[in-house]
Amino acid sequence: MARSTVKAHMIVMDVGVATAMATGTDKQSFFQKSIACASLIIQRIIFSAPNDHVGVVLFGTDETDNQLNVELGGYEHITEAFELKQANWATLRILLDQVAQTKVETCWFEALIVAINFLGYGAQGKKFSENNIILISPFLKRCDVPQDQLESVLDGLQGVNGVLHFITNFIVHPAASNGSIFTTSGTFDEHASKTEARSQNERVLKKLLKDADGSLSNINWAERKLTFFDPKVVRPIPWNSVLSIGTKVNLSISAYVMISEQKGLGSFKVDNADDSSSTTSKVEMKTQYLLNDKPIEISMQDIIMGYMYGSTVVPYDNTIDIEYKSGDSRLACLGFTASSNVLEEHLSSKGSYVVVAKKGCTASNHKLAALVKAMDELSVVMIATKVYRKDNKPRLNVLLPKYRNEIPSLVMMELIFKDELCCLKFPPLLKSKPVPTDEQYDAIDKLIDSMNLMEAIDDSNGESREAFALHNTYNPTVQHVYQAVAHRALHPKQPLPPVDTTLHGLFEVPKKIATRSKPALDDVKRLFELKEIKQNTRTEWLQRMAKIKLADDVASTVSSIDSGILMDDDDADRRMVVSVGTVTPAEDFALLLRRGEKFATVATQLQNVLFELLFMSMRPPGDKVVVALMVYRSEAQTLGPYRYNEWMTEFKEMLLTRRKEEFWEKVIVGKRLGLIDSQESEMSTTSLEQAENFYKTATQTKPTVECSGGENVDLDSLFDELND
């Protein structure tokens, strides 16, 4: 059976008067920081290890509630607040809202004994891989501990497989202690001014830490470390398969994930977080069909399956589905090729695996070692087909020979399809390459030296350490999501908090770097003169393509567009357009017409894109909507004015119905993009008068009757009043 990875955490917290007298904290009292640390510990367990169990023991309370006091007596003012169980938000809310500071002093050593006993009872019948006891206290009450009692406590710790962690003040951490909380330990500050009781307690704590595993943390340092949530611990599980080369060579291999995309929070049980509700209401998903923002009823016979390709719906008919089965799970070699043939842009961004021989397979280990050695000497890579699970889609992968810690292995990465390959061509920045002067070279060298991150942070001891260390730097986006979820779970009705000040340090330049690099940066600004070159390539491309000037005057907007669209062959080859898209609708429309696509098909695509940009997009319509309308109208004058006039009539009604009067007045009326009359196109049957009346709306032509008071009254309003 696999060993259990579930842990138990017993938090022992001082809530007595000693926390009010404690010194050595920043701004907040020791009690407030104790509550914050305990809260963050529980939050980390909920996010990172939801199966772990948590219990809480409070000492210094007004009341007494613990098992040892009932059985033996003498353990006064110690409360077993929360029994050992899985961490949840309800426990955390009670801890934050109901635990208050008292004026009682209690011996911390007695609270430790109660916690060990409480942990032993709670762990009965359960298998925990580790039992942590986290004691948070300033240790200001003197506790004289006899040697025999100290040994008895150590035996009790060993009996419950417990690990001690103390969080207090007057603790110094070395600059190299960049690990997570409870994995590194500080030391007592021997130069700090302390009471005799505190000094006596420190001697007892040193004996406990010497004879038992544990750590010692400063409360300020611990709070900063606990602010960052560790990702959920996942045990590496290999993908076991067989690597086949030809028909006779088979290797038993195990593939482990080496690099993968960092994901955010995992799945949560969807529930109602409002405490005011008497019954917990479950959140359910509901599908609703809308047509022009109005709910409609649809029969299942009218529904066609489809996929979303970007913002375009692609229908899919199940009747033409061809059942394909790839077979059993495997990794089959297709062949070898020179490593120079596989470029970085050919690799997918889905991560990488390290492939080694399966554990216990000596023959496969020897074969793999010989294979890696041969591939490395010949500078070749393997192209293989990977089927992760039976009848899954096969994936094309490349395997590169590598030696990791002198162990032969293969690094496996997925290859992309040809249509996914994106080769970006950038024009040269300058036609003639300038040669920097010696002074410019020196300025850049000084700037690089001043921005060295290896000694970018100074701690309280005056020691320097590395900034943004690879294994000790958290993702600020993921951390903010964790904090936002925790805040919403604890305070459902409050707005989300801003980004925590601690997280700002993850995406800001360290102060030492900013100060040190400022002189070098000033020299670079002085020696390298920058000249801004304003060039609107999109506007120039449109002007070359369709002879359009994006001016506001009416004369330029109503100018006709030549049906022969001007476009360089280089532009046509570079733009792989399948249909009209929402990014550059005007360019796509014109390019598809040049390629010989039917005007009716391309016009329908453009109409759908304009509808999406105006009524479905969260962003306000920009110039590309205006340009697309201008291109559409100009081409319709020679290719089909009837289709444009019919659509524009519906488009007008839709704009006015959906409160787009401003767009109607400024764009359609202001730029004269309405109906195409017979003078603009011989194929149009719309008269000049009809085209002119099209720009008038119903509110402008609605008849009114004048009352005796001289006010204008709408006839429709009078009818409504009579009907009422």
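Guide: Helices (H or I, at least four residues) and strands (E, at least two) are DSSP runs, numbered from the N terminus. The model is a predicted one, and on this numbering Q43 is found in helix α2, residues 30-48.

Visitor: Is Q43 buried or exposed?

Guide: Leaving aside neighbours within four places in sequence, Q43 is in contact with W89, L92, F229, A486 and L490. Buried means under 20% relative accessible area. Because the relative accessible area of Q43 is 7%, this residue counts as buried.

Visitor: Which strands are the edge strands of the six-stranded open sheet?

Guide: The six strands run in the order β3-β2-β1-β4-β5-β8, with mixed pairing. Each edge strand pairs on one side only, and those that do so are β3 (78-86) and β8 (214-218).

Visitor: In what sense do β2 and β3 pair, and which residue of β3 is the bridge partner of H53?

Guide: Strand β2, residues 53-59, and β3 are joined over six bridges, and their pairing is antiparallel. Within β3, the bridge partner of H53 is Q86.

Visitor: Which strands does helix α7 touch where it packs on the sheet?

Guide: Helix α5 (residues 108-122) packs on the sheet, touching β1, β2, β3, β4 and β5, and its direction makes about 30° with that of β3. Helix α7 (residues 196-211) also packs on the sheet, where its direction makes about 150° with that of β5. The strands touched by α7 are β5 and β8.

Visitor: How many residues apart are R633 and E680, whose side chains meet in a salt bridge?

Guide: The side chains of R633 and E680 meet at 2.9 Å, N to O. R633 counts as buried because its relative accessibility is 5%, whereas E680, at 31%, is partly exposed. The pair links distant parts of the chain, with R633 in helix α19 (residues 623-639) and E680 in the loop between α21 and α22, and their separation is 47 residues.

Visitor: Which residues are linked with R142 in a network of salt bridges?

Guide: The side chains of R142 and D144 meet in a salt bridge at 2.9 Å, N to O. R142 is partly exposed, since its relative accessibility is 38%, while D144 is exposed at 54%. The network links R142 with D144, E196 and R203.

Visitor: About what area does the nonpolar surface patch that includes Y289 have?

Guide: Y289 lies in the loop between β10 (249-259) and β11 (290-291), and with a relative accessible area of 34% it is partly exposed. Together with L291, I296, I298 and M300, Y289 makes a nonpolar surface patch of about 460 Å².

Methods:
Residues are numbered from 1 along each chain as its sequence is written. This is a predicted model: local features need pLDDT of at least 70, side-chain atom pairs count only at pLDDT 80 or more; totals for chains, interfaces and linings use all residues. Side-chain values use heavy atoms; hydrogens and water are left out. Patches are made of residues with over 30% relative accessible area and no salt bridge: like charges are joined within 9 Å, nonpolar side chains (Val, Leu, Ile, Met, Phe, Trp, Tyr) within 5 Å. Accessible areas come from the Shrake-Rupley method with a 1.4 Å probe; for residues, only the protein chains shown count as cover. A salt bridge is a side-chain nitrogen of Lys or Arg within 4 Å of a carboxyl oxygen of Asp or Glu. Buried means under 20% relative accessible area, exposed over 50%, partly exposed in between (1.4 Å probe, protein chains only). Two strands pair if DSSP finds at least two bridges between them. Contact means heavy atoms within 4.5 Å. Axes are lines fitted to C-alpha atoms, for helices over the stretch in contact, and angles run from 0 to 180 degrees between N-to-C directions.
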